[in-house]
Amino acid sequence: QKPVGIKIIISSREGFEEFACEINERNAKNIAGVPDFISIDGGDGGTATAPLFLMDRVGLEVNDAIHIANNVLTEFGIRDKVKLIAASKILTPDDIAVVMALGADFIYIARGFMMSGGCIRARVCSGAANHQCPVGLATQDKKLRSSYLVSKHAIKTANYHKHLLAGVKTLLAVTGIKDVKDLTKEHLTLIDKNGFIYTDINRYLEKKIKL
C-alpha cells in the first residue's frame, strides 16, 4: 500500500487549524482519509502555468507555512501521523537546512533541477496559449527538442545534486550534528528587515506572519 497525501498552500493559521481539526477527528474515529503526508508549497509564484493574478499574491511563504503546520499538528497531537513535505524556491543548502529546522520531514526541489537542466525561467512553459519552452526542455516541439543536449545537461544536473548534498553536510558539520533530522529551531537565528536579531524563532515567525 502506497502513501497517499495532498498538496496545499497555507494562507492563515486559522485556515490550517480547520484542516487539522478534520484530520484529528478522522484519526480519533479511525475514519479513512487521514493523509500520510501534506506537501506544502509557498504562495510566492511558480512557473508560467500559474495564473498571473495568483502569483506572489495568495498564500504564505513556505518557511511560514511549515512553521504553522508543524505547530498546529503538534498542538492537535497528530504530528506523528502526518509527514510534512516542503517545496517552493528551495534552491541552496541553507534553504534546505532552514526549512528542515522549522519542521519539514522532507523537501522536494523542482526549480533548482530545472535550472540546472537548462531552464532560463522564460515563464512560457509549453502548453498554455501555444507557448513553447525556448530551450527545448519542457516542450514536445521536435525542432526545439532536437537542440536540447540531454547528455550535456544531465552532467550539470548531477553536479547540482552532488554539490547540494555536500553543502548540506557542511552545514551539519558546522552545526555539530550528524543527521539533517536533528535540525531544530534552536539551530536558527533570524534577522528581520530592520536588522533585529531573533533567537526566539517562534516569536519572529509569529510577528512576521501577522504583519
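Q: Hi! Starting with Tyr-160: buried or exposed?
A: In this predicted model, Tyr-160 counts as buried, with a relative accessibility of 19%. The cut-off for buried is under 20%.

Q: OK, switching to rings. How many aromatic pairs are there in the whole structure?
A: A search turns up 2 aromatic pairs. In one of them, the ring centres of Phe-16 and Phe-19 are 5.7 Å apart and the planes sit at 50°, so that pair is tilted.

Q: Where do Phe-16 and Phe-19 lie?
A: Both are in helix H1 (residues 13–28), 3 residues apart, which is about one turn of the helix.

Q: And how accessible are they, Phe-16 and Phe-19?
A: Phe-16 is buried at 2% relative accessible area, while Phe-19 is partly exposed at 25%.

Q: What about Phe-113 and Tyr-160, what kind of pair do they form?
A: Theirs is edge-to-face, with 5.0 Å from centre to centre and 85° between the planes. Phe-113 belongs to helix H4 (residues 111–116) and Tyr-160 to helix H6 (residues 150–175), so the pair ties together parts 47 residues apart in sequence. Phe-113 is partly exposed, at 26%.

Q: New topic: which residues touch the most other members of the largest nonpolar core?
A: Ile-10, Phe-16, Ile-38, Ile-40 and Ile-66, out of 40 residues in that core.

Q: Nice. Which element gives the most to this core?
A: H2, with 7 residues.

Q: Back to Ile-66: what is it in contact with, leaving aside neighbours within four places in sequence?
A: Its contacts include Ile-40, Leu-84, Ile-85, Val-99 and Leu-102.

Notes: Residues numbered from 1 in each chain as written. Predicted model: local features only at pLDDT ≥ 70, side-chain atom pairs only at ≥ 80, totals over all residues. Heavy atoms only, no water. Phe/Tyr/Trp six-rings, centres within 6.5 Å; stacked < 30°, edge-to-face > 60°. Helix = DSSP H or I, 4+ residues; strand = E, 2+ residues; numbered from the N terminus. Buried < 20%, exposed > 50% of the residue type's maximum accessible area, 1.4 Å probe, protein only. Core = buried A, V, L, I, M, F, W, Y, C linked by side-chain atoms within 4.5 Å. Contact = heavy atoms within 4.5 Å.
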